[in-house]
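Subject: Structure for your review

Hello,

Here is the structure I said I would pass on. Please keep it open while you read the notes under it.

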There are 2 protein chains.
Amino acid sequence: MHDASDPRLADFADLRDVELRKSLEAEHGLFIAEGEKVIRRAVAAGYPVRAVLLTRRWVDSLADVLEGLGDRVHVVDDAVMEKITGFPVHRGALASMERRALPPVAEILAGSRRPGGEPVAAPRRVLVLEDLVDHGNVGAIFRCAAALGVEAVVLSPRCADPLYRRAVKVSMGAVFAIPYARMDDWYGGLAELRAAGFRTLALTPDQSAVPLDEAEMGERVALLLGSEGDGLSSRWLREADLPVCVPMSPAALERGVDSLNVVAAAAIACHGLMRRDRPAR
Amino acid sequence: MHDASDPRLADFADLRDVELRKSLEAEHGLFIAEGEKVIRRAVAAGYPVRAVLLTRRWVDSLADVLEGLGDRVHVVDDAVMEKITGFPVHRGALASMERRALPPVAEILAGSRRPGGEPVAAPRRVLVLEDLVDHGNVGAIFRCAAALGVEAVVLSPRCADPLYRRAVKVSMGAVFAIPYARMDDWYGGLAELRAAGFRTLALTPDQSAVPLDEAEMGERVALLLGSEGDGLSSRWLREADLPVCVPMSPAALERGVDSLNVVAAAAIACHGLMRRDRPAR
């Protein structure tokens, strides 16, 4: 048993303090996986385990993961866990994992790598996330993307981190299942996609845009999603090949319901891309 | 100016204490609208204002809403606001509003009422939410439903409250734009829908179900959505006219990404219902 001030538990400190966690995780190159299922998916994707913090009742079911970790396994009671992390950890087990260097965007678009390491074909359907702020939204969008046949994700330089605890948790580990990279350069970011042969579709709530279901597709398609408040930047909207929308109900527009949240829009758009690729039987 | 212990501010106490808020709001028949946009939508939907708590900088822009409220308007500084509510209120203005008695399910299905009070046609497209736990999910689903042409929502007896602060906020006020009611009886709840002529489609992650895009529709359709963890109860799944699914990518299933979150699934399903109703131009 440990007490909360044990320095070996520093990886797990104050998990709800976003600013502290951002700098701590960047400095040490780590991220946190929460709950048995997500921990297993991180391990299966090849991320090395730094340490595990868990309560007694999870020791047996995670025995294979804990094997060989020696004194990097920390079994504590609920009260100590809450004291270290700053909140009641319902899932009872946390692992700190080593981050890997993200591949360059070009490498992701060429399809040569996936988080697990095995070779993959060049992606034909890609999401591009511009400056999303909310980690939960990023996680939910990765889950949609992975479930609905999107093959890679590209992040703008300022988009929220997919390996932040809440993103990992909301994604149910889908952030490990889908290759992603981060642009160095926001301003010229779309040029690289176009050079790689992607048709860029900019999703907008503007109802004068072409409905996604009717948009001309291409062999390679990149769907651009904007931030929660303001949507896509005017630069990306202007630079994209085509603005597309999810049509709203006319009655909704009359009642002032004029947009979907970004996760709902992303879900509908990913489903639409998959359906266009593989028409109904 | 007030201090945090002023009893006239009791409506706004401890907004992050879910259990306390549930009992306080039930006892006093109130709910909380947060931020100018949502407050305005609640007022426009005809809910009477009990009191408003806001910081100085919101007084001008909300002047018309505050008019006539007299000493039920409480202007405080940020620190007092945080002390009362228990968190930093970024949107700077909170209104406590009077709840109205919910109409019976039969009345909603007959289309005789909407929150604003004006008569509406009988709904043809209805969502039925079974035991959703998360207020944010309920709010997000109302927003999708309102944006995508769903005309009414029916809640199971234990489904989370759409007028809880977080649901209202995430819905961006869509909980005021769409009529809803709560079943008295979970066990026999679907019988009432069927008696009203609704074809009941049960959304399930089970990939052997009929894809929603291919399901036979009806003049009236009720789409059933289950709770976050377990999905629909076996009773409702069994009793529904047809189980339907959102098809996943085969690659996702291989990688263990086997479901969408309930908001993403709801968004895709509402969009699918609307598209089936009004085929692409």
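Predicted model: local features only at pLDDT ≥ 70, side-chain atom pairs only at ≥ 80, totals over all residues.

Aromatic pairs

The search of the whole structure gave ten aromatic pairs over all chains. In one of them, the ring centres of A:Tyr47 and A:Phe176 are 5.5 Å apart, and the planes stand at 55°, so this pair counts as tilted. The two residues come from distant parts of the chain, 129 residues apart. A:Tyr47 sits in the loop between helix H2 (36-44) and strand E2 (49-55) of chain A, while A:Phe176 belongs to helix H8 (residues 174-177) of chain A. Both A:Tyr47 and A:Phe176 are buried. Together with A:Phe31, they make up one aromatic cluster.

Another pair is formed by A:Trp186 and A:Tyr187, with 6.0 Å from centre to centre and 65° between the planes, an edge-to-face arrangement. A:Trp186 has a relative accessible area of 29%. Because that value falls between the 20% limit for buried and the 50% limit for exposed, A:Trp186 is classed as partly exposed.

Charges over rings

In chain B, two arginines are placed over tyrosine rings. The charged end of B:Arg100 is 4.1 Å from the ring centre of B:Tyr47 and sits over that ring. B:Arg235 lies over the face of B:Tyr187, with 3.3 Å to the ring centre.

Helix packing

Within chain A, helix H6 (residues 135-147) and helix H12 (residues 262-277) have axes that come within 9 Å and cross at roughly 10°. Angles under 35 degrees count as roughly parallel, and H6(A) and H12(A) are therefore roughly parallel to each other. Their crossing is right-handed. On the H6(A) side the contact is made by A:Asn137, A:Ala140, A:Ile141, A:Cys144 and A:Ala145. On the H12(A) side it involves A:Val262, A:Val263, A:Ala266, A:Ala267 and A:Cys270.

H12(A) also packs against helix H12 (residues 262-277) of chain B, at an angle of about 60° and with the axes 8 Å apart. H12(A) and H12(B) are therefore oblique to each other, and this crossing is right-handed. From H12(A), the residues that meet the other helix are A:Ala264, A:Ala267, A:Ile268, A:His271 and A:Arg275. Their partners in H12(B) are B:Ala264, B:Ala267, B:Ile268, B:His271 and B:Arg275.

A:His135 is part of helix H6 of chain A. With a relative accessible area of 11%, A:His135 is buried. Leaving out residues up to four places away in sequence, A:His135 touches A:Val18, A:Lys22, A:Ala160, A:Asp161, A:Tyr164, A:Arg166 and A:Ala167.

B:Phe87 lies in the loop between helix H4 (78-85) and strand E4 (93-98) of chain B. B:Phe87 is buried, and its relative accessible area is 3%. When neighbours within four places in sequence are set aside, the contacts of B:Phe87 are B:Leu15, B:Arg16, B:Glu34, B:Met81, B:Glu82 and B:Arg165. The C-alpha atoms of B:Phe87 and B:Asp14 are 8.0 Å apart, although 73 residues separate the two along the chain.

Regards

How values were computed: Residues numbered from 1 in each chain as written. Chains lettered and ligands numbered in written order. Heavy atoms only, no water. Phe/Tyr/Trp six-rings, centres within 6.5 Å; stacked < 30°, edge-to-face > 60°. Helix = DSSP H or I, 4+ residues; strand = E, 2+ residues; numbered from the N terminus. Buried < 20%, exposed > 50% of the residue type's maximum accessible area, 1.4 Å probe, protein only. Lys NZ or Arg CZ within 6 Å of the ring centre and 35° of its normal. Axes fitted to C-alpha atoms, helices over the stretch in contact; angles between N-to-C directions. Parallel < 35°, antiparallel > 145°, perpendicular 65-115°, else oblique. Left-handed = near helix turned anticlockwise from the far one by under 90°. Contact = heavy atoms within 4.5 Å.
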